[in-house]
Amino acid sequence: MILPIIHDEAFLKQPSQPSHNTVTAANLLDTLKANRQTCIGMAANMIGRHENIIAFLDGDTYKVMYNPQILKKSGLYTTEEGCLSLTGMRKTKRAKHIKVKYEDSEGQTYVKSYHGLTAQIIQHEIDHCRGILI
């Protein structure tokens with residue numbers, strides 16, 4: 001189900017709770033795909049759910065992570081990002097390389113390294129889950 005995008009900053013600044021809610025994940029993925037012309041990643045709070053779930057485009061494939069955590073980061077740089085929930089571009093610091101621990105819908109844990117744009121997207125969405133806005 002495609003859901004409306006939340007723009008209320010007070011709502012977006014509230015941290016998310018751990019979750020394995022597959023309905024939220026499916027709605028998040030549907031909403032991300034519906035906004036693919038202007039968006040490459042989303043967190044569940046962007047569709048009104050304070051659940052620690054993110055979805056993003058990883059190359060040509062959409063990926064969902066439940067309860068992601070950054071374990072390691074390196075290569076800090078300054079960049080500008082936009083956000084579907086916020087207006088305009090904003091400066092932020094990101095890491096070029098990250099190692100992320102996350103779960104799938106069954107609670108199975110994975111650890112994977114990412115770099116470049118995909119690492120940047122994941123950091124942005126994990127910040128959303130933590131209530132941090134750019």
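Let me start with Tyr 114, which counts as buried because its relative accessibility is 5% and the cut-off for buried is under 20%. The model is predicted, so please take every value here as computed from a prediction.

Tyr 114 has an aromatic partner, Phe 56. Phe 56 is buried as well, with a relative accessible area of 0%. The ring centres are 6.2 Å apart and the planes stand at 85°, so this pair is edge-to-face. In the chain, Phe 56 belongs to strand 2, residues 53-58, while Tyr 114 belongs to strand 5, so the pair ties together parts that are 58 residues apart in sequence.

How many aromatic pairs does the rule give? The count is two.

The other pair I want to show is Tyr 102 with Tyr 110. Here the centres are 5.5 Å apart and the planes are at 20°, so the pair is stacked. Tyr 102 is buried, at a relative accessible area of 6%. Tyr 110, at 35% relative accessibility, counts as partly exposed.

Strand 4 and strand 5, the latter being residues 109-115, pair in the antiparallel sense over seven bridges. Their hairpin has five residues between the strands, and in it Gly 107 takes a positive phi near 90°.

On to the pairing of strand 4 with strand 3. Strand 3 covers residues 61-83 and strand 4 covers residues 86-103; they run antiparallel and are joined by 13 bridges. These strands form a hairpin too, with two residues between them. As one example of the pairing, Thr 79 has Thr 92 in strand 4 as its bridge partner.

Thr 79 comes up again when we look at helix 3. Which residues does Gln 120 contact, leaving aside its neighbours within four places in sequence? They are Tyr 77, Thr 79, Glu 80, Glu 81 and Arg 94. Gln 120 itself is found in helix 3, residues 116-129. Is Gln 120 buried or exposed? At 14% relative accessibility, Gln 120 counts as buried.

To recap the rings: Phe 56 and Tyr 114 make the edge-to-face pair, and Tyr 102 and Tyr 110 make the stacked one. That is what I have for today.

Terms used:
Residues numbered from 1 in each chain as written. Predicted model: local features only at pLDDT ≥ 70, side-chain atom pairs only at ≥ 80, totals over all residues. Heavy atoms only, no water. Pairing = 2+ DSSP bridges. Helix = DSSP H or I, 4+ residues; strand = E, 2+ residues; numbered from the N terminus. Phe/Tyr/Trp six-rings, centres within 6.5 Å; stacked < 30°, edge-to-face > 60°. Buried < 20%, exposed > 50% of the residue type's maximum accessible area, 1.4 Å probe, protein only. Contact = heavy atoms within 4.5 Å.
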